[in-house]
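Subject: Structure handover and salt-bridge notes

Hello,

Here is the structure for your files.

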Amino acid sequence: MSPNVSSSSSSLQLYSFSSLSPAFTLPSTRCYKSTRLHLPPRPTTTAVSCVSTRHKRKSGAKPDNSEARELVRGLMRNFDGERPLISMLNKYVKVVRTEHCFLLFEELGKTDKWLQCLEVFRWMQKQRWYIADNGVYSKLISVMGKKGQTRMAMWLFSEMRNSGCRPDTSVYNSLISAHLHSRDKSKALKKVLGYFDKMKGIERCKPNIVTYNILLRAFAQAQDVNQVNALFKELGESILSPDIFTFNGVMDAYGKNGMIKEMESVLSRMKSNQCKPDIITFNVLIDSYGRRQDFDKMELVFKSLLLSKEKPTLPTFNSMITNYGKARLKEKAEHVFKKITDLGYAPNFITYESLIMMYGFCDCVSRAREIFDEKMESKKEMKVSTLNAMLEVYCMNGLPMEADLLLERARKKGPPFPDSSTYKLLYKAYTKADKKELLEKLLKSMDSDGIVPNKRFFLDALGAFGSSSPASQESAGRATDSRRLQRSAKT
């Protein structure tokens with residue numbers, strides 16, 4: 001497929017259009033007049049919620065039990081790590097049932113307390129009302145997989161079979177997803193294909209469209225075009241039909257890998273299947289072309305979106321601001337932000353983070369700091385990711401001392417208070433800049449805040465460099481020695 005717009009316009013025009021809507025027009029890429037961006041203090045419009053890619057709940061489905069959720073929220077509030085969760089469950093033993101435990105698994109998984117999930121599971125098994133159920137095991141396997149605990153997920157699978165439950169399609173789907181979260185992707189992909197073949201031979205475990213969607217996205221992320229095509233062919237020969245989630249997932253994976261030709265091929269396949277694009281489809285295409293800085297195609301898709309029955313969402317605009325920023329097209333990014341409020345949208349924290357990063361890419365550090373300070377003064381809940389964005393702007397512009405000052409301010413005054421992601425970002429930046437003194441100070445701050453830099457911390461922080469600088473090796477060694485001294489002091 002030719003990279004120029006004219007030759008591929010047929011694949012990009014998801015809806016035909018002859019006259020463009022005047023509601024949103026992007027300025028020319030060449031002629032600009034410098035304009036100052038004014039942030040709205042308090043938008044009077046209602047916020048636009050982001051669109052979810054999950055299947056909608058069927059009308060006959062059981063609604064969420066608000067009382068159950070309230071009880072679980074109370075349990076989580078009282079669980080501080082020192083007071084055993086089991087003792088709290090025993091306190092409410094007369095009311096806690098399976099649905100409460102399901103919600104507990106979700107909440108504990110979100111806070112990295114996956115070991116407590118197993119404690120809750122063991123507690124469940126001792127209750128009179130407990131009946132071994134595939135749904136419980138499927139949920140636990142899913143939680144373990146998301147936390148990278150593949151061995152624990154496999155143990156639960158074996159435990160389920162020993163308890164008398166027979167695995168079904170949903171359990172295998174959870175197990176496949178668990179393996180795909182592991183670090184060794186090539187090994188995981190071989191393993192899941194084995195499960196996939198096994199599922200085909202068991203009547204109650206036949207692959208469904210969810211199975212194919214999981215596998216198609218995984219192999220697209222691995223850039224294995226042949227396997228993706230083979231799965232599509234097999235899907236086409238089955239009684240199943242690909243849905244919008246099938247195509248969106250594969251296009252998103254290809255797009256994030258910069259495989260535009262393959263992404264457009266899937267788009268063509270989607271159109272031939274008479275599957276209408278949704279807002280996720282448009283957002284995937286807009287983000288993918290933006291990442292490649294192919295702004296002609298990005299703008300073509302955006303115009304098509306405006307003429308469709310779908311409506312732009314905040315992720316649409318946030319993506320455009322970010323990608324224009326990376327290309328140092330400040331005026332275009334500002335124009336997109338202005339249109340957000342003009343069209344009645346209320347920017348969210350990701351929008352402001354995108355603006356901060358955009359100004360950072362465009363060497364407008366002072367303007368980025370103005371936006372950050374305005375958000376701090378607004379007294380709205382601040383996210384640590386917003387703090388991280390401002391710190392990253394300082395680091396990318398060669399201002400590590402300013403980053404250090406902002407970190408100290410956040411540590412003392414907050415919120416938001418820095419977390420492990422903040423320290424990982426700064427450790428990586430200080431290492432790249434070979435700032436030995438700042439590295440030493442950073443490690444002391446981490447120790448003071450109770451954040452222990454383990455092996456994974458250093459691998460994640462330094463992985464991009466291939467090998468660390470002498471300063472980082474020395475500081476990492478000192479951090480390890482410090483932890484050893486702390487352990488010996490305790491014993």
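Predicted model: local features only at pLDDT ≥ 70, side-chain atom pairs only at ≥ 80, totals over all residues.

Overall make-up

The protein chain has 491 residues, and 45% of them are buried. Its secondary structure consists of 25 helices and zero strands. Among contacts with a separation of 6 or more, 68% are between residues 24 or more positions apart. The accessible surface is about 26500 Å², and carbon and sulfur atoms contribute 50% of that area.

Salt bridges

Searching the whole structure gives 19 salt bridges.

1. Glu106 and Lys139. Their side chains form a salt bridge with an N to O distance of 3.3 Å. Glu106 belongs to helix H4 (residues 98–110) and Lys139 to helix H6 (residues 134–146), so the bridge links distant parts of the chain, 33 residues apart. Glu106 has a relative accessibility of 28% and is therefore classed as partly exposed. Lys139, at 22%, is also partly exposed, because the buried class ends under 20%.

2. Lys297 and Glu264. In this salt bridge the closest N and O atoms are 3.2 Å apart. Lys297 counts as buried because its relative accessibility is 3%. Glu264 is buried as well, with a value of 2%.

3. Asp363 and Arg328. The side chains meet in a salt bridge at 2.6 Å, N to O. Both residues are in loops: Asp363 between helix H18 (349–361) and helix H19 (365–377), Arg328 between helix H16 (314–326) and helix H17 (330–342). The bridge therefore ties together parts of the chain that are 35 residues apart in sequence. Asp363 is partly exposed, with a relative accessible area of 47%. Arg328 is partly exposed too, at 48%. Exposed would require over 50%.

The network is made up of Asp197, Lys200 and Glu234, which are joined through salt bridges that share partners.

Regards

Conventions. Residues numbered from 1 in each chain as written. Heavy atoms only, no water. Salt bridge = Lys/Arg side-chain N within 4 Å of Asp/Glu carboxyl O. Helix = DSSP H or I, 4+ residues; strand = E, 2+ residues; numbered from the N terminus. Buried < 20%, exposed > 50% of the residue type's maximum accessible area, 1.4 Å probe, protein only. Contact = heavy atoms within 4.5 Å. Areas by Shrake-Rupley, 256 points an atom, 1.4 Å probe, with all protein chains shown as cover.
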